[in-house]
Amino acid sequence: MKHRGFTFEKLKIASFDFTCCEGCQLQLANRESTLIDFLELLDIKNFRELSSEQFDDYDIALIEGSISRQDEVERLQAIRRQAKTLVAFGSCACFGGVNSLKNKFSLKELVAEVYPGMKVETMPVKKISDVVKVDLSIPGCPVNKEEVERIMVNLATGSLVTLPKHPVCFECKAQLNTCLFELGEICLGPITRGGCNAVCTTGKTPCLGCRGPSEEINMPAFVELVKARELSLDDLQEKIAFYNAFEGFSNHEA
Ligand code: SF4
Ligand code: SF4
Ligand code: SF4
């Protein structure tokens, strides 16, 4: 199709939710100022929250949520067979996300406590790349719609897709925020990938790392910073574990 003098193929796209809150899918329908232009890029083949029509001839599959049941494994594998590009969409999909907190407990005891007397099928939470090959990851809880729009334009035009390499601090400082460490809080901004426009810290809430590690993360230096400020290493560990986004860094360095 032709748009503003520019010719491109619409992206045949489908969106699938697994274990999650569906907040990332909702972001696709967000940002009304650009929504009409954004939808011009897409040929939506399957998107439960936008349309009851479903077609199987999609090229791009957006996978929202983590995997926590065997039937989800099989459904995901079938989507992988169809999709040319499979996207882990949001922090649940990229890292396991908040659902991973479940993995800290005995599943048997957890089910007995939450669903007493009921038979519930469940298994430890996995991120999407634990089950199938992932071509592209878009982190965030939820994803940043502006970033999603940019990436979709990249895909439609065959351009290289990149994520910001800088940490959240970069965007936080650009907004002239007072650093939350100065107020005695632990904030994961120095080790977390930017791209959210420091939305939490600008609202005076410490970053919990939903976008995962920034490039060239220096965890030992960050732990030293927390120690030097005499802040709690247990609190640090809890924050780092929240989205399960710092696998490999959390246990031995904090
Ligand atoms: S990443 Fe966050 S907003 Fe997106 S589905 Fe998971 S919990 Fe919901
Ligand atoms: S508040 Fe957090 S993100 Fe902002 S400068 Fe301080 S450590 Fe970095
Ligand atoms: S500030 Fe941190 S927790 Fe908040 S959206 Fe950005 S990366 Fe996620």
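How many of the five residues of strand S6 (residues 85–89) are buried? Select the strand: four of its five residues are buried, so that S6 is mostly covered, where buried means that 20 or more other C-beta atoms lie within 10 Å of a residue's own, exposed means 12 or fewer, and partly exposed lies in between, with C-beta atoms placed from the backbone. Helices (H or I, at least four residues) and strands (E, at least two) are DSSP runs, numbered from the N terminus.

Before continuing, please note that this is a predicted model, in which local features need pLDDT of at least 70, side-chain atom pairs count only at pLDDT 80 or more, and totals for chains, interfaces and linings use all residues. Residues are numbered from 1 along each chain as its sequence is written, while chains are lettered from A and ligands numbered from 1 in the order in which they are written.

**The strands beside S6**

S5 and S6 run parallel and are joined by four bridges; two strands pair if DSSP finds at least two bridges between them. Across this pairing, Ala61 is placed opposite Leu86 of S6. Now follow the chain from S5 through helix H3 (residues 70–82) to S6: this β-α-β crossover is right-handed, meaning that, with the strands pointing away from the viewer, the path from the first strand over the helix to the second runs clockwise.

Next, select strand S7 (residues 136–138). S7 is also parallel to S6, with three bridges between them, and here Ala88 faces Ser137 of S7. Continue past S7 to Pro142, in the loop between S7 and helix H6 (145–157). The peptide bond between Cys141 and Pro142 is cis, with omega at about 0°.

**Ligand 1**

Centre the view on ligand 1. A residue is near a molecule or strand if its C-beta atom, placed from the backbone, lies within 6 Å of it. There are 14 residues around ligand 1, and Cys20, Gly23, Gly90, Cys92 and Cys141 come nearest. Helix H1 (23–28) and helix H4 (91–95) are the elements that give two or more residues to this shell. Its classes are seven nonpolar, five polar and two charged residues; Ala, Val, Leu, Ile, Met, Phe, Trp, Tyr, Cys and Pro count as nonpolar, Asp, Glu, Lys and Arg as charged, and the others, Gly among them, as polar.

In the loop between strand S3 (11–17) and H1, select Glu22. Its phi is near 70°, a positive value in a residue other than glycine. Glu22 is partly exposed because 17 other C-beta atoms lie within 10 Å.

Move to Cys94 in helix H4. With 28 other C-beta atoms within 10 Å, Cys94 is therefore buried. Apart from its neighbours within four places in sequence, Cys94 is in contact with Ala88, Lys127, Ser137, Pro139 and Gly212, where contact means that the C-beta atoms, placed from the backbone, lie within 7 Å.

Colour the chain by domain: domain 1 covers 2–157 and domain 2 covers 168–253, with bounds that come from an automatic or database domain assignment. Their centres, taken over C-alpha atoms, are separated by 26 Å. Domain 1 brings 12 residues to the contact and domain 2 brings 10 residues. On the domain 1 side, H4 supplies the largest share, three residues.

Select ligand 2, which is surrounded by 14 residues; Cys169, Cys172, Cys179, Cys187 and Gly189 are the closest. Helix H7 (residues 168–174) gives the most to this shell, with four residues. The shell around ligand 2 holds 10 nonpolar, three polar and one charged.

Then select ligand 3. The residues around ligand 3 include Cys196, Cys200, Cys207 and Cys210, and helix H8 (residues 199–202) gives the most to the shell, with three residues. By class, the shell around ligand 3 has eight nonpolar, three polar and one charged.

Finish at Asn197, in the loop between H7 and H8. Asn197 is not a glycine, yet its phi is positive, about 65°. Is Asn197 buried or partly exposed? Asn197 is partly exposed, because 16 other C-beta atoms lie within 10 Å.

Definitions and conventions
Two residues are in contact if their C-beta atoms, placed from the backbone, lie within 7 Å.
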